[in-house]
Amino acid sequence: MNAQQQNQSESLEKVQTFQKNLISAPKDVKNTLGITKGGAEFNFYGNVRLDGTYQIEGGSLARMYNQISTVPLSRESSASDVLKSTLAATRLGLDFKTPTSTGSVGGKLEVDFLGANDSLRIRHAYLTYNNWLIGQTWSNFAIPDYMPESIDALGYVGGSVKRDPQVRYTKKINSQSSVVVALEDPKDTSSKMRLPALTMRLNQQFTSDFSISLRGMVDEKRTNNDHETAWGIGLGAKYDLLENTVLKADYYHVKGDSSFVSWTNAGFLVNTDQDIVATNQFNSITVGITQQFNSKIRSTVGYGYMKAEKNNRYIDYSKNLTQVNKDLWQAWANVFYTPVKPISFGLEYVYGKREAYGADAQGSHTGIDNRFNVIAIYNF
């Protein structure tokens with residue numbers, strides 16, 4: 001037997017041995033892709049996702065997802081009756097785990113293509129060790145857990161989708177309670193950050209059907225000449241009304257910050273000397289109910305509302321009152337259909353309004369968000 005034949009024989013034997021081990025492996029063995037050079041077990045996952053929107057009336061053509069806070073105050077023909085689509089929300093992810101003598105070290109790396117010009121963007125990138133997490137993931141303050149389900153990748157007003165670099169510590173009090181404390185970089189471009197934001201969260205499971213999350217945030221807003229303390233509280237709740245019916249609600253009250261909760265007015269305003277002269281304060285809430293009709297069909301109806309507390313000083317120092325909102329609201333209804341488990345299709349209708357403090361050239365104070373969203377997604 002020559003060298004080439006011997007190598008082919010050895011390769012075939014390895015393949016047969018590998019296939020035999022797969023067949024004889026217990027069914028409860030975790031499905032893993034392999035082992036990295038550093039000895040970490042890893043799993044690969046993701047989805048292929050197509051989003052489409054028929055925009056009857058709404059925001060900029062350059063953006064695909066929710067932009068309720070900036071929709072034009074008068075109907076613009078260029079942004080009306082148009083079809084938009086993207087595959088940029090397609091997602092790829094890796095989960096890692098390395099056993100050590102003092103406990104397992106875990107990690108996650110997840111990306112999508114929602115960066116500039118559909119470029120690759122980091123969603124999650126972090127490591128975990130015992131009770132610690134270091135890296136980028138969901139904010140400890142603005143969490144998506146209590147937002148009603150939507151097709152729009154950003155969700156709707158009243159909720160928030162926020163990922164921050166952070167150092168987080170989780171302490172489990174008992175089987176139903178835990179406390180989470182984090183130092184976060186909120187990436188607020190309007191503020192010259194000196195200290196990270198401090199966020200705190202209490203998770204409480206009262207019964208198998210009812211749980212809440214109470215959250216707090218404190219952050220310093222700073223310019224070259226001034227600084228101000230921003231703060232906020234949040235409260236989320238989830239309640240299983242019936243076996244297949246789930247109610248979710250989330251509430252925020254925030255002063256001086258626009259980096260954690262989406263679609264708000266600027267958190268603070270400055271004068272020509274870079275003194276902070278006014279801050280925005282708002283309340284927001286989102287509530288929705290999801291019904292699982294059977295193994296293939298589910299539907300959600302939701303409503304979200306945000307109202308800025310009137311501040312005459314803030315209004316006086318605002319340069320463009322058409323961009324400063326009194327209030328925002330959106331209502332939506334969707335249905336998801338899963339013919340087989342890896343594949344889902346969805347249809348959603350959303351209608352919303354924003355009311356600004358100033359009127360545009362046509363005398364309108366009100367902007368409209370009116371559109372249909374569709375989705376086709378393959379999870380793997």
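Good morning. I begin with Trp 132, which is partly exposed, at a relative accessible area of 44%; partly exposed lies between buried, under 20%, and exposed, over 50%, with a 1.4 Å probe and protein chains only. Please note that this is a predicted model, in which local features need pLDDT of at least 70, side-chain atom pairs count only at pLDDT 80 or more, and totals for chains, interfaces and linings use all residues. Residues are numbered from 1 along each chain as its sequence is written, and side-chain values use heavy atoms, with hydrogens and water left out.

The structure holds twelve aromatic pairs. Rings of Phe, Tyr and Trp (its six-membered ring) pair if their centres lie within 6.5 Å; planes under 30 degrees apart are stacked, over 60 edge-to-face, and the rest tilted. Trp 132 and Tyr 169 form a tilted pair, with 4.8 Å from centre to centre and 55 degrees between the planes. Which parts does this pair tie together? Trp 132 lies in strand E7 (residues 132–138) and Tyr 169 in strand E8 (residues 163–174), so the pair joins parts 37 residues apart in sequence. Strands here are DSSP runs of at least two residues, numbered from the N terminus. Tyr 169 is also partly exposed, with a relative accessible area of 29%.

Elsewhere, ring pairs link Phe 44, Tyr 378 and Phe 380 into a cluster.

Finally, I turn to a charge and a ring. Arg 298 lies over the face of Phe 336, 4.4 Å from the ring centre. The criterion is that NZ of Lys or CZ of Arg is within 6 Å of the ring centre and within 35 degrees of the ring normal. Thank you.

Methods
Helix = DSSP H or I, 4+ residues; strand = E, 2+ residues; numbered from the N terminus.
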